[in-house]
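Hi,

Here is the structure I promised to pass on. Have a look at it first, then read my notes below.

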Amino acid sequence: MKTLKDLKNVGKATLKDLILLEIHSVEELAKQDPTLLFHELERRTHSQQDPCVWDVFAAIIHEASTGIPTNWWDWTERRKALQKSGQLKHII
């Protein structure tokens, strides 16, 4: 069974963020939404996060739910398109 550390885009910083968000398993992660996680991380850290954190969350959630690893930067254009359409209003 895969652990969070086994996911392609989970390094030390992302693992720390997931623990802060109280996500401890791939199964828990698979049920998450990258936008909600992003905003919750900002709330819990009391600081603005880099938009690329959303990309990492999207990539690891995708892998957790499908088993297919992707590069986090493959999600950047999708984030930007969602921002442009107004669906991700609060991510700078």
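Predicted model: local features only at pLDDT ≥ 70, side-chain atom pairs only at ≥ 80, totals over all residues.

**What I found**

Residues are numbered from 1 along each chain as its sequence is written, and side-chain values use heavy atoms, with hydrogens and water left out.

Is Asp55 buried or exposed? Asp55 counts as buried, at 0% relative accessibility (buried is under 20% relative accessible area, exposed is over 50%, partly exposed is in between, with a 1.4 Å probe and protein chains only). Apart from neighbours within four places in sequence, Asp55 is in contact with Trp72, Trp75, Thr76 and Arg79 (contact means heavy atoms within 4.5 Å). With Arg79 there is also a polar contact from side chain to side chain, at 2.6 Å (a pair of N or O atoms within 3.5 Å; within protein, one must be able to donate a hydrogen and the other to accept it, and residues adjacent in sequence count only if both atoms are side-chain atoms). Trp72 sits 17 residues from Asp55 along the chain, yet their C-alpha atoms are separated by 5.4 Å.

**Helix α5**

Arg79 takes us to helix α5, residues 76–85, where Thr76, Arg79 and Leu82 are buried. Looking down the axis of α5, the buried residues fall within an arc of 125 degrees, so they line one face of the helix (the arc is that of the directions from the helix axis to the C-beta atoms). What do they pack against? The buried residues of α5 pack against α4. On the face turned away from that buried side you'll find the exposed residues Glu77 and Lys84. Just after α5, Gly86 has a positive phi of about 90 degrees.

**The core**

The largest nonpolar core has 24 residues, and Leu18, Leu29, Phe57 and Ile60 touch the most other members (such a core is a set of buried Ala, Val, Leu, Ile, Met, Phe, Trp, Tyr and Cys residues joined through side-chain atoms within 4.5 Å). Two or more residues come from each of α1 (12–20), α2 (26–30), α3 (34–45) and α4 (52–66). Which element gives the most? That is α4, with 9 residues.

Thr35 lies in helix α3 and is buried, with a relative accessible area of 17%. Beyond its neighbours within four places in sequence, Thr35 is in contact with Trp54 and Leu88.

**The whole chain**

Zooming out, the chain has 5 helices and 0 strands. Of its 92 residues, 42% count as buried. Among contacts with a separation of 6 or more, 47% join residues 24 or more positions apart. The C-alpha atoms fill a box of roughly 40 × 30 × 20 Å along the principal axes.

Happy browsing!

How values were computed: Helix = DSSP H or I, 4+ residues; strand = E, 2+ residues; numbered from the N terminus.
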